[in-house]
Amino acid sequence: MAGRYAPRPRRAPAPGGTGVPAGPPGPPRTATGHATGVLGPAPAGHAPRVPAPVRAGAPAVGPRRRGWVPPWPLDLGLTLGPLRRGPGDPTFRATPDGAFWRTCRTPEGPGTLRITACGGAVEAEAWGRGADWLLDRLPVLLGEQDDPDAFTPRHRLLALTRRRRPGLRLVRTGLVMESLIPSILEQKVTTDEAYRAWRLLVREYGDPAPGAPADLRLHVVPEPRTWARVPSWEWHRAGVDGKRSATVLRAVRVAPRLEEAAGMAPEDARRRLELVPGIGAWTSAETVQRSHGAPDAVTTGDYHLPGIVGHALADRRDTDDAEMLELLEPYAGQRHRAARLILLSGRTPARRAPRMTPRDIAPL
């Protein structure tokens with residue numbers, strides 16, 4: 001569901017936590033309090049000291065490193081949160097030391113990325129054949145091409161939430177299939193069912209994440225031809241019905257053409273994705289929100305989102321898609337950002353019924 005990555009309200013991150021405040025940063029330090037020697041800002045009057053870019057094509061033996069100083073506030077948890085598909089996601093992990101681990105299959109091969117925030121700087125390490133690609137795109141991933149100033153709040157709730165969450169940026173992965181397949185698995189089922197399916201299938205058929213500690217149990221999402229070879233009984237064991245598995249199989253058969261959509265405008269990308277039978281407006285929106293950082297790709301067809309938006313903006317919890325789009329019309333061009341701020345506000349309607357009972361089709 002569209003609201004699954006709305007985190008619980010929490011205090012503002014302390015210095016050295018996952019948030020990166022704006023303004024002149026202090027020297028980045030490790031958990032022991034020693035300066036890292038990798039990222040720290042330059043002395044006053046000098047440009048920020050950032051390691052030279054890694055040479056393309058160099059062998060990815062050990063971890064590659066890159067430092068980056070964002071010129072605006074950045075909250076890593078809020079920005080990267082939409083990439084997490086449940087607490088046991090084998091492609092994403094947040095660890096107690098404040099680091100965020102992410103795996104993906106880049107155009108250059110599998111890669112693992114570890115991101116931390118120290119003072120006013122971001123430090124990243126990457127492993128695998130896709131390490132250079134991941135580090136080159138680090139600023140884009142963390143919202144360099146996003147423009148929060150294009151959003152003008154017209155409701156007190158949105159203005160207040162935006163002021164309380166200045167570090168929110170819209171993530172942009174530049175990869176389509178890694179967001180498309182889990183979005184297909186989330187069609188018409190509970191989030192728990194979808195997360196379980198994603199977890200079982202990626203751990204069974206994905207590659208071990210290069211460079212990641214074994215205790216994190218991280219894996220890289222399977223390549224398209226591997227998805228195409230998953231037996232029908234394994235889809236069944238993971239709780240994925242025939243309709244969703246068939247949609248995944250149709251998508252992976254044309255994966256190169258769908259991956260090309262990463263270079264298109266969000267609306268053009270959505271039209272290409274929706275050419276595949278079984279991929280509709282809900283799935284395409286959920287995909288480009290992550291692959292493109294699309295600020296206007298509001299999710300329609302969601303079970304919960306219209307009621308949440310209606311309750312927050314008009315005190316109408318029985319709002320449907322048409323009414324939700326009408327309420328979001330003043331934010332045209334930024335409707336997805338408006339919906340994210342509403343989800344982050346914590347203003348959601350009280351439950352009127354028990355949670356939907358997850359199905360388990362494996363024993364059938």
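**Figure 1. Cysteines C104 and C118 in the predicted model.** C104 counts as buried, because its relative accessibility is 1%, and buried means under 20% relative accessible area. C118 falls below that cut-off too, for at 8% relative accessibility C118 counts as buried. The structure shown here, as in every view that follows, is a predicted model. The count of disulfides comes to zero. A disulfide would require a pair of cysteine sulfur atoms within 2.5 Å.

**Figure 2. The whole chain, as a setting for the close-up views.** The chain has 364 residues, and 51% of them count as buried. Its secondary structure consists of 15 helices and nine strands. Contacts between residues at least 6 apart in sequence were also examined, and 67% of these join residues at least 24 apart.

Figure 3. Strand β7 covers residues 121-127, and seven of its seven residues are buried, so the strand is largely enclosed by the rest of the structure. A121, E123, E125 and W127 point one way from β7. V122, A124 and A126 point the other way, and the residues of both sets are buried. Which strands pair with β7? One is strand β2, residues 64-68, which pairs with β7 in the antiparallel sense over five bridges. Within this pairing, R65 has E125 of β7 as its bridge partner. Another is strand β6, residues 109-118, which also pairs with β7 in the antiparallel sense, here over seven bridges. In β7, A126 stands opposite L113. Strands β6 and β7 form a hairpin with two residues between the strands, and in this hairpin G119 takes a positive phi near 60 degrees.

Figure 4. The structure holds five cavities of 30 Å³ or more. About 120 Å³ of space lies in the largest cavity. Rolling a probe the size of a water molecule over the atoms shows where empty space is left. The residues that line the largest cavity are L83, R85, T91, R102, T103, E178, S179, P182, W198, V221 and R290. Which elements give two or more residues to this lining? They are strand β5, residues 100-106, and helix α5, residues 177-185. The largest share of the lining, three residues, comes from α5. Sorted by class, the lining of the largest cavity has four nonpolar, three polar and four charged residues.

**Figure 5. Helix α13 and the helices around it.** Helix α13 spans residues 305-314 and is mostly covered, with nine of its ten residues buried. The buried residues are L305, P306, G307, I308, V309, G310, H311, A312 and L313. An α-helix has 3.6 residues a turn, so residues three or four places apart point the same way. Against which helices do the buried residues of α13 pack? They pack against α4 (156-164), α14 (321-328) and α15 (335-345).

**Figure 6. D315, the residue that follows helix α13.** D315 comes after α13 and is found in the loop between α13 and α14. Its phi is near 55 degrees, which is a positive value in a residue other than glycine. Is D315 buried or exposed? D315 is exposed, because its relative accessible area is 56%, and the cut-off for exposed is over 50%.

Figure 7. K188 is not a glycine, yet its phi is positive, at about 60 degrees. The relative accessibility of K188 is 79%, and therefore K188 counts as exposed.

Figure 8. R237 lies in helix α8, which covers residues 232-237. Its relative accessibility is 39%, so R237 counts as partly exposed. How many residues separate R237 and I361 in sequence? They are 124 residues apart in sequence, while their separation in space is 7.4 Å, C-alpha to C-alpha.

Methods:
Residues are numbered from 1 along each chain as its sequence is written. This is a predicted model: local features need pLDDT of at least 70, side-chain atom pairs count only at pLDDT 80 or more; totals for chains, interfaces and linings use all residues. Side-chain values use heavy atoms; hydrogens and water are left out. Buried means under 20% relative accessible area, exposed over 50%, partly exposed in between (1.4 Å probe, protein chains only). Helices (H or I, at least four residues) and strands (E, at least two) are DSSP runs, numbered from the N terminus. Contact means heavy atoms within 4.5 Å. On a 1 Å grid over the protein atoms alone, a cavity is a set of points where a 1.4 Å probe fits but cannot get out, and a pocket is an open set with protein on both sides within 12 Å along at least five of seven lines; lining residues have an atom within 4 Å of a point. Grid points are joined across faces, edges and corners, and a volume is the space filled by probe spheres set on the points. Ala, Val, Leu, Ile, Met, Phe, Trp, Tyr, Cys and Pro count as nonpolar, Asp, Glu, Lys and Arg as charged, and the others, Gly among them, as polar. Two strands pair if DSSP finds at least two bridges between them.
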